[in-house]
Amino acid sequence: MTAVWRECLRYARIYGLFAKNSVISMMEYRVNFVFGILIELAYLCIKLSYVYVIYRIGVDIRGFSPDQILLFTGVYTVMAGLYSTFFYGNFIQLPEHIRTGSLDIMMTRPVSLQFMATLRSIDIGYSIPNLIGGVLMIVYGWRQSGIPVTAAHVAGFIGFILIGVMLTYAIFLLPQLLAFWTVKTGGVNEVSNALFDFNQMPMAIYHTAIQRAGTFLLPVFLISNLSPLYILGRMTPVYWVWGCAAPLLFLLMTRLLWRIAIRGYTSASS
């Protein structure tokens, strides 16, 4: 146990260095940093336009009031910020690492190759507008929905946010691993982004077949739906069990596919 804890601390320090280097790199190109924030602000305004329409209509959708729907949009906005900050840039760079051979250099480092290749870059420029906007939406929707602020509600809400982060990493890394066989994954990126955007609204607004596919087959709906469902008291036993099991299952699946891909990987220089 001591060895495991020591290894965890080692990787935490390494990740801290990744974060430090990423911030230093962004500060060298401050114009790009500012433009990144402005672009995300524009996307945030688009998300708010959906909410505006719902409030303007003023009707419940599948049993969810506009204030409750705002909770789902707020969680989606937070998750979009976290995804863009910690994962998206690394995932889209993976095919380039494979094509140019920079993955070969990473293999020489005394740390996990998957850790290096998929978590090395951090872009806080994308997170600032989304995190601030998403948290404000959650706070407003929570208050207007009359949900009591208890330790259990807050802990469960944050816990399901963490589950959503793990699922985001596992689900959206899986298609990027096709780059080991196809190199180019531009089309995959478009499909992945479209799937992620399904979370802008509660999954209840979709057809039953789509809900089941997005919950059990490819559980993208679990990324941003579990936290609001929990504090609204709409978590079924099935969601409890699958919500806790899905992250572990898909992380294991991602790890196994990564190992298969690495075993068949041929250096770009060969």
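How much space lies in the largest pocket? In this predicted model, the largest pocket holds about 910 Å³ of space. Its lining comprises 32 residues, and those closest to its centre are Glu40, Tyr43, Ser84, Tyr88 and Tyr126. At least two lining residues come from each of helix H1 (2-28), helix H2 (30-57), helix H3 (66-100), helix H6 (124-144) and helix H9 (186-196). The greatest contribution to this lining is that of H3, with ten residues.

The second largest pocket contains about 210 Å³ of space. Phe87, Gln114, Leu119, Val165, Met166, Tyr169, Leu251, Thr254 and Arg255 form its lining. Helix H5 (113-119), helix H7 (151-173) and helix H12 (237-263) are the elements that give two or more residues to this lining.

The composition of the two linings is set out below.

| Pocket | Nonpolar residues | Polar residues | Charged residues |
|---|---|---|---|
| Second largest pocket | six nonpolar | two polar | one charged |

H3 consists of 35 residues and spans 49 Å from its first C-alpha to its last, close to the 51 Å expected at 1.5 Å a residue. At Phe87, H3 bends by about 50°; Phe87 also belongs to the lining of the second largest pocket. Because 27 of the 35 residues of H3 are buried, that is, under 20% relative accessible area, the helix is largely enclosed by the rest of the structure. Just after H3, Gly101 adopts a positive phi of about 90°.

Notes. Residues numbered from 1 in each chain as written. Predicted model: local features only at pLDDT ≥ 70, side-chain atom pairs only at ≥ 80, totals over all residues. Heavy atoms only, no water. 1 Å grid on protein atoms, 1.4 Å probe; cavity = no way out; pocket = protein on both sides within 12 Å on 5 of 7 lines; lining within 4 Å. Points joined across faces, edges and corners; volume = space filled by probe spheres on them. Helix = DSSP H or I, 4+ residues; strand = E, 2+ residues; numbered from the N terminus. Nonpolar A, V, L, I, M, F, W, Y, C, P; charged D, E, K, R; others polar. Expected span 1.5 Å × (residues − 1). Bend = angle between axes of the 7 residues up to and from the residue. Buried < 20%, exposed > 50% of the residue type's maximum accessible area, 1.4 Å probe, protein only.
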